[in-house]
Amino acid sequence: MTTVGERILKEGGIAGALGYVAVAGLFLVLNLIAGRHALYTPAALGSALFFDLSGPADVVVAPGPVFAYNGTHLAISLMIGMAASWMIAETESHHALWYAVFFAFLAGFMAFVFFFGALTVEIKGVMSWGEVVAGNVAGAAATVGYLGWMHRRLPSEIEEEYGG
């Protein structure tokens, strides 16, 4: 029998990894469709975050920026997955938290869109707002989709408790 903490770590790790893969896969496909190198986006973002990229014309696909960005992206995705898994576990124990958890997810999503948008669109010019939103939607959909599937009885439990 697994403890709640073990379940949070396992589900959070899987949810975060799925979010990471969804975003990475989306940009790999978008880069290929646009005729760019498959790793253009992680190279651009790694260069913008860690190597003082001055603009999109200066993006060079190299191991340093690609690994730096992907490592950071994976770590952040895993932390998001763990936090989301913990919030779902708390909601299972205290159904009244569903409202706060919903708005925490929404606020977190919006914060990531605006943070990455400000950096990559407004400051460095290496992505469009549409790409920023699409990447965040893909990651959130994969993470929330997995956790929703794992806890698919939770909405009906909450509805039953509150007479919805």
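This is a predicted model: local features need pLDDT of at least 70, side-chain atom pairs count only at pLDDT 80 or more; totals for chains, interfaces and linings use all residues.
User: Which residues have the most contacts inside the largest nonpolar core?
Analyst: A nonpolar core is a set of buried Ala, Val, Leu, Ile, Met, Phe, Trp, Tyr and Cys residues joined through side-chain atoms within 4.5 Å. Buried means under 20% relative accessible area, exposed over 50%, and partly exposed in between (1.4 Å probe, protein chains only). The largest core has 17 residues. Those with the most contacts inside it are A44, L45, L53, V59, V126, M127 and V132.

User: Which helix gives the most to this core?
Analyst: Helices are DSSP runs (H or I, at least four residues; strands are E, at least two), numbered from the N terminus. Helix 1, helix 2, helix 3 and helix 4 (98-123) each supply at least two residues of this core. With five residues, the top contributor is helix 2.

User: How far apart are the end C-alpha atoms of helix 1?
Analyst: Helix 1 covers residues 4-33, 30 residues in total. The expected span of a helix is 1.5 Å times one less than its number of residues. That rule gives 44 Å here, and the model agrees, because the end C-alpha atoms are separated by 43 Å.

User: Which helices do the buried residues of helix 1 pack against?
Analyst: The buried residues of helix 1 are I8, E11, G12, G13, A15, G16, G19, Y20, V23, F27 and N31. They pack against helix 2 (40-50), helix 3 (63-93) and helix 5 (129-150).

User: Is N70 buried or exposed?
Analyst: N70 is found in helix 3. Leaving aside neighbours within four places in sequence, N70 is in contact with Y20 and P42. Its relative accessible area is 18%, so N70 counts as buried.

User: Which residue just after helix 1 takes a positive phi?
Analyst: The position follows directly on helix 1. Its phi is about 80°. The residue is G35.

User: Which backbone nitrogen does the side chain of H37 reach?
Analyst: H37 lies in the loop between helix 1 and helix 2, and at 46% relative accessibility it counts as partly exposed. A polar contact is a pair of N or O atoms within 3.5 Å; within protein, one must be able to donate a hydrogen and the other to accept it, and residues adjacent in sequence count only if both atoms are side-chain atoms. The H37 side chain makes its reach at 2.9 Å, to the backbone nitrogen of L39.

User: What separates the C-alpha atoms of H37 and V61?
Analyst: Not counting residues up to four places away in sequence, H37 touches N31 and V61. H37 and V61 are 24 residues apart along the chain. Their C-alpha atoms are separated by 7.7 Å.

User: Which residues are linked with R7 in a network of salt bridges?
Analyst: A salt bridge is a side-chain nitrogen of Lys or Arg within 4 Å of a carboxyl oxygen of Asp or Glu. R7 pairs with E11 at 3.7 Å between the closest N and O atoms; both lie in helix 1, four residues apart. R7 also meets E92 at 2.6 Å, N to O, and that pair joins helix 1 to helix 3 across 85 residues. The residues networked with R7 are E11 and E92.

User: How far apart are the planes of the F112 and F116 pair, in degrees?
Analyst: Rings of Phe, Tyr and Trp (its six-membered ring) pair if their centres lie within 6.5 Å; planes under 30 degrees apart count as stacked, over 60 as edge-to-face and the rest as tilted. The structure holds seven aromatic pairs. F112 and F116 both lie in helix 4, about one turn apart. Their pair is stacked, with centres 5.8 Å apart and an angle between the planes of 20°.

Terms used. Residues are numbered from 1 along each chain as its sequence is written. Side-chain values use heavy atoms; hydrogens and water are left out. Contact means heavy atoms within 4.5 Å.
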